Amino acid sequence: MPKPENCRFTKTHEWVCLEGGTATVGVTDHAQREITDIVFAEPPKPGRQVKAGEACCVVESVKAAFDIYAPIAGEVVAANEALAKDAAVVNRSPQDEGWLFKLKPANPGEVNKLMDWDSYQAFLQTADAHAGH
Amino acid sequence: MVSLRRTPLYDIHKKYGGRIVDFHGWELPVQYEGILKEHQTVRSDVGLFDVSHMGQIWVRGPQALDFLQKTNTNDISRIGPGRAIYSHLPNDKGGVVDDLIISCFEKERYFLVVNAATLENDFAWLQKQAQGFQVQLENKSDYYGMIAVQGPKALELINADFPQVLGLPRFGAMELDVLGQPGIVTRTGYTGEEGCEFIVPAEHTPKVWEHLMSRGAALGVKPCGLGCRDTLRLEAGYLLYGSDIDMEHSSYEAGYGWVVKLDKGDFIGKAHFAKQKAEGVKRRLIGLKLMDRGVPRPGHQVSVDGKFAGILSSATFSPTLSVGIAMGYLDRPDLKPGARVAIEMHGRQIPAEVVRMPFYLSKELKNAKA
């Protein structure tokens, strides 16, 4: 599964990794820690068209619900079925087994507009990083 | 900007990694390690809660009982020295000013524990009602800290230092020496588990907390935050004042008719309560269990047969039952356990079933009730 170094990141703490024409999307380790115990996750259904920045997935902790935004535009081609039985996998393995959904990008080049790993690490040091989740 | 208040255990919460939030103007930990883990600790072992934000009021005087009878729905004459009782403070319109626990230590000396958010209002209300009674009210909330010890191993934890507490029944109360300072302990709690609550001088509270932490290390004791306090109390079917009961909702509507004793003599708002008892309620706090995945939240709308029936007052994911649970006022008091409703969540209608509350109660408390 994707190495963080090969992924791109949003200011709302999603990661996206482009491999073989498919973009896998999840939340970062920072996000899962902020959300705390995840007890429910509902990724978008395959076939749905999403725009970049569109709220398309809900992740819920005991205390609150969080919207997850599509990092890039595209068509949903897969949702992580394992989340239905065990949403806590997002806490345990946010950047691997806890992925949320896969997209067929409308424009694969769009990922390059997002932060790379180093930029995201720097972003986490800023106050803006804590405004989202 | 209103500055936030800190309990005497604030530094201890930081030390144990508590995630501090603003809770009705108090800086308190919502969690330390995680709500699910802390919830499980209280259901299987024992947890400590800082409930120092709660209010404590002494009521003393020759007419203390008469005054409490007038200002409470429950029959306070049923408790003598060494006993506590759960009650509601009615307003004069059939609503509820607060819910509280009253302990009796002597015939003319009672001790009230009320909610933090309502303390100022409660005290002003009680003072107003005290006109004409030979009674003194004293708000000692700043003087005391309060620790709840909750879970199936709670009594084992306190046995080493406070064996006399094990002799108390559920809702027993006593004044005692707590590690060198005068304190109070009651066999009460808000989790649906066995346990007790210590009330000690504020500056002494950290010492008591740390002592209980080290004494309970072998039992797996953990500090527990407000997050699991809410999931535990909701599973146990306990009301949260301000959400499930308030100035506009009566004890009968909340399904707590057992705290209203119409045969005890007069009390504030009695006519409203008597009328409701005679005529029946038009809406009722009903327990709901989700039949699909998802997490219900306070404010979600409930419908019955496609028709709006009310909104959820409290709702969460139940860690013990691994399912969404909720309570809400529905204008369908006729609904029986097993009836189907729908809860609107994120634009979808999720089926739910009417269930009897509590959703969960420990074996020990079930036996204590029986």
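Reader: Let's start with A:Thr36: buried or exposed, and why?
Author: This is a predicted model, to begin with. A:Thr36 counts as buried because it has 20 C-beta neighbours inside 10 Å, and the cut-off for buried is 20 or more.

Reader: Ok, and what's its phi?
Author: Near 70°, which is a positive value in a residue other than glycine. A:Thr36 sits in the loop between helix H1 (29-35) and strand E4 (38-42) of chain A.

Reader: What about B:His24, where is that?
Author: In chain B, in the loop between strand E2 (19-23) and strand E3 (26-31). Phi of B:His24 is positive too, near 50°. B:His24 is partly exposed, because 14 other C-beta atoms lie within 10 Å.

Reader: Switching to peptide bonds: which is the bond from B:Met357 to B:Pro358, cis or trans?
Author: Cis, with omega near 5°. B:Pro358 belongs to the loop between strand E20 (348-355) and helix H10 (363-369) of chain B.

Reader: Now the strands. How many bridges join E16 to E17 in chain B?
Author: Four, and the two strands, residues 301-304 and 307-318, run antiparallel. One pairing there is B:Ser303 with B:Phe308. E16(B) and E17(B) make a hairpin with two residues between them, and B:Asp305 in that turn has a positive phi of about 50°.

Reader: And what does E17(B) do with E18?
Author: Eight bridges join E17(B) to E18 (residues 323-330) of chain B, again antiparallel. B:Ile311 has B:Tyr329 as its bridge partner in E18(B). That hairpin has four residues between its strands, with B:Ser322 in the turn at a positive phi of about 55°.

Reader: What are the domains of chain B?
Author: The assignment gives domain 1 (5-54 + 142-235), domain 2 (56-139) and domain 3 (282-370). The C-alpha centres of domains 1 and 2 of chain B are 24 Å apart.

Reader: How many residues are in contact between those two?
Author: 14 residues of domain 1 of chain B touch 14 of domain 2 of chain B. The largest share of the domain 1 side, three residues, comes from E11(B). By class, that side has eight nonpolar, five polar and one charged residues.

Terms used. Residues numbered from 1 in each chain as written. Chains lettered and ligands numbered in written order. Predicted model: local features only at pLDDT ≥ 70, side-chain atom pairs only at ≥ 80, totals over all residues. Pairing = 2+ DSSP bridges. Domains from an automatic or database assignment. Contact = placed C-beta atoms within 7 Å. Nonpolar A, V, L, I, M, F, W, Y, C, P; charged D, E, K, R; others polar. Buried ≥ 20, exposed ≤ 12 C-beta atoms within 10 Å, placed from the backbone.
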